[in-house]
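Dear colleague,

Please find below the structure that I am handing over to you. My notes on what was found in it follow.

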Amino acid sequence: MDVAKGALAIVPDLPGVIRHAPGLVLRRPKAKGNIGSVFNKLVAKHPERPFIRFEGKSVTYGEANRQINRYADYLTRNGVGVGDVVGILAKNHPQTLMVMLATVKLGAIAGMLNYNQRGHVLSYSIGILDASVLVVDPQAKEALDSIDKSQLPSVTVDFVELDEQSEGLSERNPEVTAGLPASTKAFYIFTSGTTGMPKASIMSHYRWMTSMDGIGGMGVRLRHTDTMYSALPLYHNNALTVSLSSVLASGACVAIGKSFSASRFWDDVALNRATAFCYIGELCRYLLAQPEKPSDATNGIKTIVGNGMRAEIWDEFATRFKIERVVEFYGASELNLAFINVFNIDRTAGFCPLPFKIVAYDHDSGEPRRDAQGKLTKVAKGEAGLLISEISSKVPFDGYTDDEASKKKIITDAFKSGDRWFNSGDLVRDLGMSHIAFVDRLGDTFRWKGENVATTEVEGAFGGADTIDDVVVYGVEIPGADGKAGMAAVTLGEGAEFDPKGLAVHLYDELPVYAIPLFVRVVSELAHTSTFKNLKVELREQGFTDVGDDDLYVLTGSGDGYVKFYDDYPNDVAGAKVPKG
């Protein structure tokens, strides 16, 4: 009945749905078609329509295209061609988006660097890219002060220099765009995955256009008069793929927020005349935590799209802000399918027409469990299990730049000899009718502030702290907060005293802010035996509420660092009062 009711609601949008359905079903990776050609067609049809809005000012499709083509000519003159990489280290700005589009028009790959990374993590990410050119936002340039400049490409320019050096260059569409197949690589999106250092997941034009047809054309269903607002970082697929593809599916406008601010969010929505926005779950919770205002119900937003909307706030959020459709989806940068709440069914991650299974898993390792015949077992409807997706020529797995990391995500001989499946690493619940609800993330990764945090990467950062002898990192739930916050159990070196301020300074230098553990538990010993993983499970279950006589410290911010745990700390985190900076 829920699906039938949702199907009826789609009827007014049927022309757009019908236009995008063939691409979702029939498109193949080898077919011609790409992001640049989609954009070029919209420019040719409606050059006068607004394409980007930033701080209330609009840039039309035609104006943006001329700038994009000048950038593309500059890149070409500096040796960038099909398959080359252009690194982009930039905060949210129209130029960030235009440099990306210039890159993919050439068949090159936009390496979207996370501007929160510092030191050896950023150095590692830049090394993975092996970029021909690096374009840097002046607002993000200080990140480069934390690494050895000798590893930067010989052509490294900031936005100002790029504008100066591309002045007067060709404004014609690059000829190469029209012939690029959908299988061409478009972006590298960095994800922590389930091992130590960041991995660059590959986003092809094919997968991006699948998102355009599926999430954009059939799920979000914008009209050309709509404006999609996103304050999420442009190195994040929710902004670069979900938001942008939803906009280009209908020739609408994308409004870029400089950064997310709960107190200024609705003002920026109004300034940019937005009718839809893209979210992650934490964003919605922060907005709910703001004092109620009469304008909450007259904000102009009708549709929101994103992932991580908690079931317990879903109704409250939609009611308070008068949201007509919550297009929740489930996906990941490296995943070869997505679930979309096409039928507007409350508190679900949506529907997927592509082949997937939900299987039994080992609670300690997080790996799929095999039966006596060596095959996987599907869980019953209503039960939670590990989500896996079939890999085929129709639904390929683009993988990572690291072949070994890609191989680790592939399950073979799951149900029959020779079959191949992608291990999502996520626990979901089978709701029936090809719908799921997200439950949890498995393995040595947890999700916080919309980012995957690899425990091994965080543990590695502790290794350089003077007083720390050993460490185990894991994620813990905080009531009222989305995802899992980082917690570390540490032992101290012989005769050493815990230095809470010094540890915080060290971790702020070594890690992105979202990866710094909020809790540090000082323990007498950490066992390193064959049961080590069970120890981590036990520590995770104890969380921050069952630490016995162990000293427990909490992160208040970059100023005061770690302080002794206090009773209101979990509430302060849930209310976005701490940590600061």
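How much space lies in the second largest pocket? About 1400 Å³ of space lies there, in what is a predicted model. A pocket is an open set of points on a 1 Å grid over the protein atoms alone, with protein on both sides within 12 Å along at least five of seven lines. Grid points are joined across faces, edges and corners, and a volume is the space filled by probe spheres set on the points.

As to conventions, residues are numbered from 1 along each chain as its sequence is written, and side-chain values use heavy atoms, with hydrogens and water left out. Because the model is predicted, local features need pLDDT of at least 70 and side-chain atom pairs count only at pLDDT 80 or more, whereas totals for chains, interfaces and linings use all residues.

The second largest pocket

The lining of this pocket comprises 45 residues, and Y115, N116, S259, F260 and K449 lie nearest the centre; a lining residue has an atom within 4 Å of a point. By class, 23 of the lining residues are nonpolar, 11 polar and 11 charged. Here Ala, Val, Leu, Ile, Met, Phe, Trp, Tyr, Cys and Pro count as nonpolar, Asp, Glu, Lys and Arg as charged, and the others, Gly among them, as polar. Helix 11 (residues 281-288) gives the most to this lining, with 3 residues. Helices (H or I, at least four residues) and strands (E, at least two) are DSSP runs, numbered from the N terminus.

Helix 11 is mostly covered, as 8 of its 8 residues are buried, buried meaning under 20% relative accessible area with a 1.4 Å probe, protein chains only. Among the elements that cover the buried residues of helix 11 are helix 10 (265-271), helix 12 (311-320) and strand 21.

The hairpin at K449

K449, one of the residues nearest the centre of the pocket, sits in the turn of a hairpin formed by strand 21 and strand 22, and has a positive phi of about 55°. The two strands have 2 residues between them and pair in the antiparallel sense over 4 bridges; pairing requires that DSSP finds at least two bridges. W448 stands opposite E451. From strand 22 (residues 451-454), E451 and V453 point one way and N452 and A454 the other, and all are buried.

An open sheet of 6 strands has the order 6-5-3-4-7-8, with mixed pairing. Its edge strands are strand 6 (155-158) and strand 8 (199-204), each of which pairs on one side only. Strand 4 (residues 109-112) and strand 7 (residues 185-191) run parallel and are joined by 3 bridges; M112 has I189 in strand 7 as its bridge partner. Helix 8 (residues 205-220) packs on the sheet and touches strand 7 and strand 8, contact meaning heavy atoms within 4.5 Å.

The cavity

A search of the whole structure finds 1 cavity of 30 Å³ or more, a cavity being a set of points where a 1.4 Å probe fits but cannot get out. The largest cavity holds about 60 Å³ of space. Its lining has 8 nonpolar, 2 polar and no charged residues, including N92, S230 and L244. Strand 10 (253-256) and helix 9 (237-248) each supply at least two residues of that lining, and strand 10 has the largest share, 3 residues.

With kind regards

Notes: Axes are lines fitted to C-alpha atoms, for helices over the stretch in contact, and angles run from 0 to 180 degrees between N-to-C directions. Buried means under 20% relative accessible area, exposed over 50%, partly exposed in between (1.4 Å probe, protein chains only).
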